[in-house]
Structures are given as C-alpha cells and as structure tokens.
Amino acid sequence: MSDGWDLAAASDQQIVAWAQDGTELAFRELVRRYQRPVFSLIYRMVRDREVAEDLAQETFIKVLNAIDTYRPEHKFSSWIFKIANNAAIDHLRRREPDMLSLEGAPDAVTIERQEATALQVGDRGESPLDELEARELGSHIEGAIGRLRPEYRACILLRHVEGRSYEEIASVLGLPLGTVKTYIHRARAELRDYLEPLRE
Amino acid sequence: MQDDANLPLIPDDDPAVDRLLGSTGRFSPKHGFEDRVIHRVRVPLPRWLRSLRDRAVGLTSGVSGWTILVTFSLATAAAWTTAVAVGMRFWGEISGVASGVLSEALGLAREVFNEGIAPGWELTKAEVSAWLASLGLNPTMVVVGYGIVILVCAVALKFLTAEPARRRGTIHATH
C-alpha cells in the first residue's frame with residue numbers, strides 16, 4: 001500500500017472518501033472498525049444473536065451501498081448507529097414487546113433455542129473465581145439494561161457503552177436534546193434501582 | 001426512591017452506576033462477518049473511471065444512435081487506414097528493427113544455453129551418475145523407478161480427492 005494509505009491511522013472521513021473512490025480495503029476497514037459497536041448495540045437491543053447478526057449485516061450493507069450519499073459534515077458513527085438503531089427498533093416493533101430475557105427469548109421452548117437467544121456475557125481471561133463473579137455481575141447489568149424500555153436502552157447504551165455525546169445520541173435517535181437527557185436520567189434511575197443489590 | 005429527587009438534570013453523577021455500566025463490554029459477531037458483508041456490497045468503480053464514463057455519456061447525450069454509429073465507423077476506418085498506411089510506408093524499417101532485435105535475443109539465448117545451462121546439466125548428470133554408481137544403482141533404473149512412483153501417486157491422489165458421485169433424485173432440505 002502506498003504512502004497516505006495508512007488505514008488504521010486514518011479518520012472515518014478519510015476512509016469513507018477512499019471507499020467512495022472504489023477502494024475495497026476501505027470498505028473492509030469500516031466494517032472492521034464498527035462491527036463490534038454495531039453488533040453490540042443491536043444485540044443488546046434485540047437479545048437474539050442470530051437476529052442481531054442479520055440486522056448488523058443488513059445495517060452494514062445498507063450503509064456501504066449508500067456510501068456515495070454520505071456527507072462528511074456529519075459523523076459516520078452517527079449515521080451507522082442511526083441505521084443500526086432503526087433496524088433494531090423496527091425488529092422490536094414487529095415482535096412482541098417483551099422478549100427480553102437474559103435466559104433466552106420467551107418463544108425459546110427448547111434448550112438449544114434458549115442457548116441461542118441467551119445473552120452471552122464475555123470471558124475476560126481472569127481467574128475462575130473472578131471470572132465467575134465478573135460473569136455474574138455482567139449478567140446482572142445486562143439483565144438490568146434489558147429491562148429498560150427500548151428507547152431508554154438505546155440512549156444508555158450509546159452514552160455509557162459507546163461513549164457518545166448527548167448531541168450525537170440526539171442526532172442518532174432523531175430526538176430533541178432535552179428528551180435524550182430526560183431518557184438517560186430516567187434510565188439511570190431505573191438502573192440504579194435494579195442494580196441496588198450490587199452497589200456496596 | 002428518596003435519592004431520585006436529588007438527581008441533577010444532567011445525569012452523570014452516580015459513580016456506582018457509571019462503574020457498573022462501564023464494566024460492560026462489547027460483543028463480537030461470528031467469525032467471517034466482514035467477508036459476509038463485503039460479499040454483498042457493491043464496491044463502486046474508481047472515481048476517474050466514473051468521470052470518464054460520465055463524460056462519454058455527456059458527449060453522446062442528445063445525439064441520435066445513427067450519428068454515433070456513423071461517426072464511430074468512420075473514426076475506426078480512418079484509424080485503421082492510417083495504421084495500415086504507416087505500416088506499409090515504414091515496413092522495411094519496422095521489419096529490419098524487429099528482425100535485428102529477434103536475432104540478437106536468439107543469439108543471447110543460444111549463448112546462455114551453450115555456455116551455462118548445457119555444461120551445468122552435463123556436469124550434474126555426471127555427478128549424479130557417479131554417485132548412483134558408487135551406490136551400485138543403475139541411473140536409468142532409478143529414473144524409471146521415480147517415474148513409476150510419481151505415476152502411482154498421481155493416480156492415488158486423483159482417487160482420494162475425487163468428489164463423491166452425486167445421487168440422482170436426492171432432494172436436500174435447506175431450512
């Protein structure tokens with residue numbers, strides 16, 4: 001690769017410009033950068049790994065096939081999160097409202113299906129006891145996030161997992177800034193109640 | 001719920017909740033996600049090619065198909081006639097230069113073969129024959145033996161890697 005093509009160090013805007021110029025490596029770099037954030041957001045929203053995979057894939061395909069329409073004055077991350085969030089919300093609207101269980105989707109009648117739809121809290125390479133504690137803690141937090149209303153959940157995930165600003169969250173979700181602040185405020189209050197036993 | 005009343009409007013003040021939320025990680029999609037996405041994405045043509053195409057389309061927009069056909073045919077005929085005329089005019093020079101280059105290249109190749117490859121081959125052959133003779137083996141027999149072994153291996157490999165024959169009329173369920 002020639003000079004000026006340092007993909008890892010380049011900004012999103014630069015990568016998008018290369019992608020618009022027809023460079024496949026730039027497309028790959030965008031997928032590499034955003035596959036985990038996008039998949040995590042969708043997975044935590046829909047709570048089904050298979051569905052999250054499909055929705056994340058559709059999100060990327062939609063974004064990358066429309067890369068020519070991207071305007072550099074907006075953040076690429078806002079654009080992709082917006083499409084990911086819309087995909088997740090559309091899916092949740094099509095399904096029954098309460099399919100949120102850490103043990104698997106409510107329609108999961110077999111053990112295999114329950115395992116497939118249960119949220120897998122990650123292994124962090126700690127000692128077995130620490131790992132067990134971390135998994136338990138992670139399960140509680142994921143469970144608490146899963147009990148939030150979808151719009152609260154999207155706000156809290158974008159704010160606290162993805163570290164986005166209130167302004168960006170407002171842009172991603174198409175909500176007024178005040179509403180975003182209110183949602184995060186209420187979500188945090190609910191989470192505080194759910195997580196009360198873990199706080200000491 | 002007593003604490004809720006004290007929460008500020010900008011709600012980033014609860015370190016315990018922050019810490020718990022901050023401890024959540026990200027999930028990864030299944031291996032091969034990137035390839036699956038890229039496989040379904042239409043990578044656009046390079047910008048210069050698109051602008052060339054757009055220019056060509058712009059040049060021909062508003063022009064009838066017959067005009068394009070006649071212009072294209074005349075331009076092709078003119079280019080071909082010019083090329084043939086130039087070729088005939090300078091044929092002597094062109095063929096002279098070409099044959100000169102060809103004979104020089106052939107001479108160089110012959111030189112390399114005669115002075116490098118052929119003596120090297122003869123020397124290697126002699127060395128190998130002497131070595132085989134010291135082991136009490138006939139070089140011809142060794143070569144024939146190798147040929148047979150390679151042939152047998154090739155046949156065995158063909159059978160081992162052959163796709164199993166498909167059964168006719170079998171219906172594979174998808175999902």
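Visitor: Which residues are buried in helix 1 of chain A?

Guide: In helix 1 (residues 12–20) of chain A, the buried residues are A:I15, A:V16 and A:A19. They lie on the same side of helix 1 of chain A, because the arc they cover around the axis is only 100 degrees. A residue is called buried if 20 or more other C-beta atoms lie within 10 Å of its own, exposed if 12 or fewer, and partly exposed in between, with C-beta atoms placed from the backbone. The arc is that of the directions from the helix axis to the C-beta atoms, and helices (H or I, at least four residues) and strands (E, at least two) are DSSP runs numbered from the N terminus.

Visitor: What kind of model is this, and how are residues and chains labelled?

Guide: This is a predicted model, in which local features need pLDDT of at least 70 and side-chain atom pairs count only at pLDDT 80 or more, while totals for chains, interfaces and linings use all residues. Residues are numbered from 1 along each chain as its sequence is written, and chains are lettered from A and ligands numbered from 1 in the order in which they are written.

Visitor: Back to helix 1 of chain A: what covers its buried residues?

Guide: The cover includes helix 2 and helix 4 (76–94) of chain A. Just after helix 1 of chain A comes A:G22, which takes a positive phi of about 90 degrees.

Visitor: Which residue other than glycine has a positive phi?

Guide: A:R47 has one, with phi near 65 degrees. Most residues other than glycine have a negative phi. A:R47 sits in the loop between helix 2 and helix 3 (49–65) of chain A, and A:R47 counts as buried because 23 other C-beta atoms lie within 10 Å.

Visitor: How many helices and strands does each chain have?

Guide: Chain A comes to nine helices and zero strands, whereas chain B has six helices and zero strands. Of the 200 residues in chain A, 36% are buried, and of the 175 residues of chain B, 4% count as buried.

Visitor: Which residues have the most contacts inside the largest nonpolar core?

Guide: Those are A:I42, A:A84 and A:C155, in a core of 53 residues. The largest share of this core, 12 residues, comes from helix 2 (residues 24–46) of chain A. A nonpolar core here is a set of buried Ala, Val, Leu, Ile, Met, Phe, Trp, Tyr and Cys residues joined through C-beta atoms within 7 Å.

Visitor: What does A:C155 touch?

Guide: Not counting residues up to four places away in sequence, A:C155 touches A:I169, A:L173, A:V180, A:Y183, A:I184 and A:A187. Two residues are in contact if their C-beta atoms, placed from the backbone, lie within 7 Å.

Visitor: At what angle do helix 7 and helix 9 of chain A pack?

Guide: Helix 7 (residues 150–161) and helix 9 (residues 177–194) of chain A pack at about 90 degrees, with their axes 9 Å apart, where axes are lines fitted to C-alpha atoms, for helices over the stretch in contact, and angles run from 0 to 180 degrees between N-to-C directions. That makes helix 7 of chain A roughly perpendicular to helix 9 of chain A, a label for angles of 65 to 115 degrees. Helix 7 of chain A contributes A:E151, A:Y152, A:C155, A:I156 and A:R159 to the contact, and helix 9 of chain A contributes A:V180, A:Y183, A:I184, A:R186 and A:A187.

Visitor: And how many residues of chain B are in contact with chain A?

Guide: There are 32 residues of chain B in contact with 39 residues of chain A. On the side of chain B that touches chain A, helix 1 (15–22) and helix 2 (33–39) of chain B each supply at least two residues. The residues of that side of chain B divide into 18 nonpolar, five polar and nine charged, where Ala, Val, Leu, Ile, Met, Phe, Trp, Tyr, Cys and Pro count as nonpolar, Asp, Glu, Lys and Arg as charged, and the others, Gly among them, as polar.

Visitor: What is A:L64 in contact with, and where is A:L64?

Guide: A:L64 is in helix 3 of chain A and, leaving aside neighbours within four places in sequence, is in contact with A:F27, A:L30 and B:V41. A:L64 counts as buried, with 23 C-beta neighbours inside 10 Å.

Methods. Parallel < 35°, antiparallel > 145°, perpendicular 65-115°, else oblique.
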